[in-house]
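This report describes one protein model for a reader who is new to structural analysis. Please keep the sequence and the structure in view while reading.

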Amino acid sequence: MIPLADASRRPKRFPVVTAAIILLNAIVFLFELLGGEPFVKQWSVIPADIVSGQHWVTIISAMFMHGGWMHIIGNMVFLKAFGPEIEDAMGRLRFLAFYLLSGVAASLAQIVAMPNSTVPNLGASGAIAGVMGAFLITYPRDRIRTLLFLAYSSA
């Protein structure tokens, strides 16, 4: 099941911040594809580095990176489905701040959970989970238009 949009309401204005975040994620993913592993290691959160006081900027940069095509597609589909209504409810600047703080909180949780890890952490999943949580709290009764895939097996 893939969420497409809120079937109960439409935003009052174009979701500029949501669109900009999606575009920025796509651009960073392109750089990631071109730069390969060195790019990933440079801009992903490595908990051991953060704990030692290095590479703090990666707490922000990592939330615009993704581990592959399905990762970015999935994250951007969910952001497109839930972001516009939350951006509309919060206002553009508050939504941007909320999105970034949600992503930072997710990275910090990972760092606290595994402070000695040298495995790069990346992705917008934490920030998008924050947006989805805000949607659930703000619009608990809204209906979500979804795309449903049915599989049939004769075995």
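Does Glu87 count as buried or exposed, and at what relative accessibility? Glu87 counts as buried, at 3% relative accessibility; buried means under 20% relative accessible area, exposed over 50%, and partly exposed in between (1.4 Å probe, protein chains only).

The model is predicted, with local features needing pLDDT of at least 70 and side-chain atom pairs counting only at pLDDT 80 or more, while totals for chains, interfaces and linings use all residues. Residues are numbered from 1 along each chain as its sequence is written, and side-chain values use heavy atoms, with hydrogens and water left out.

**Salt bridges**

A salt bridge is a side-chain nitrogen of Lys or Arg within 4 Å of a carboxyl oxygen of Asp or Glu. By this rule there are two salt bridges.

| Salt bridge | Closest N and O atoms |
|---|---|
| Lys41 and Glu37 | 3.1 Å |
| Arg92 and Glu87 | 3.7 Å |

Lys41 and Glu37 are four residues apart in helix H1, so about one helical turn separates them. Helices (H or I, at least four residues) are DSSP runs, numbered from the N terminus. Lys41 is partly exposed at 48% relative accessibility, and Glu37 is exposed at 52%. In the other pair, Arg92 is partly exposed at 29%, whereas its partner Glu87 is buried.

**Nonpolar cores**

A nonpolar core is a set of buried Ala, Val, Leu, Ile, Met, Phe, Trp, Tyr and Cys residues joined through side-chain atoms within 4.5 Å. The largest has 24 residues, and Ile21, Leu79, Ile86, Phe95 and Tyr99 have the most contacts inside it. Two or more residues come from each of helix H1 (16–43), helix H4 (69–90), helix H5 (92–113) and helix H6 (125–138). A second, separate core of five residues includes Val45, Ile50, Ile59 and Ile111.

Contact means heavy atoms within 4.5 Å. Leaving aside neighbours within four places in sequence, Ile21 is in contact with Phe64, Leu79, Phe95, Leu96 and Tyr99. Thr18 also lies in helix H1 and is buried, with a relative accessible area of 2%. With the neighbours within four places again left out, the contacts of Thr18 are Leu79, Gly83, Pro84, Glu87 and Phe95.
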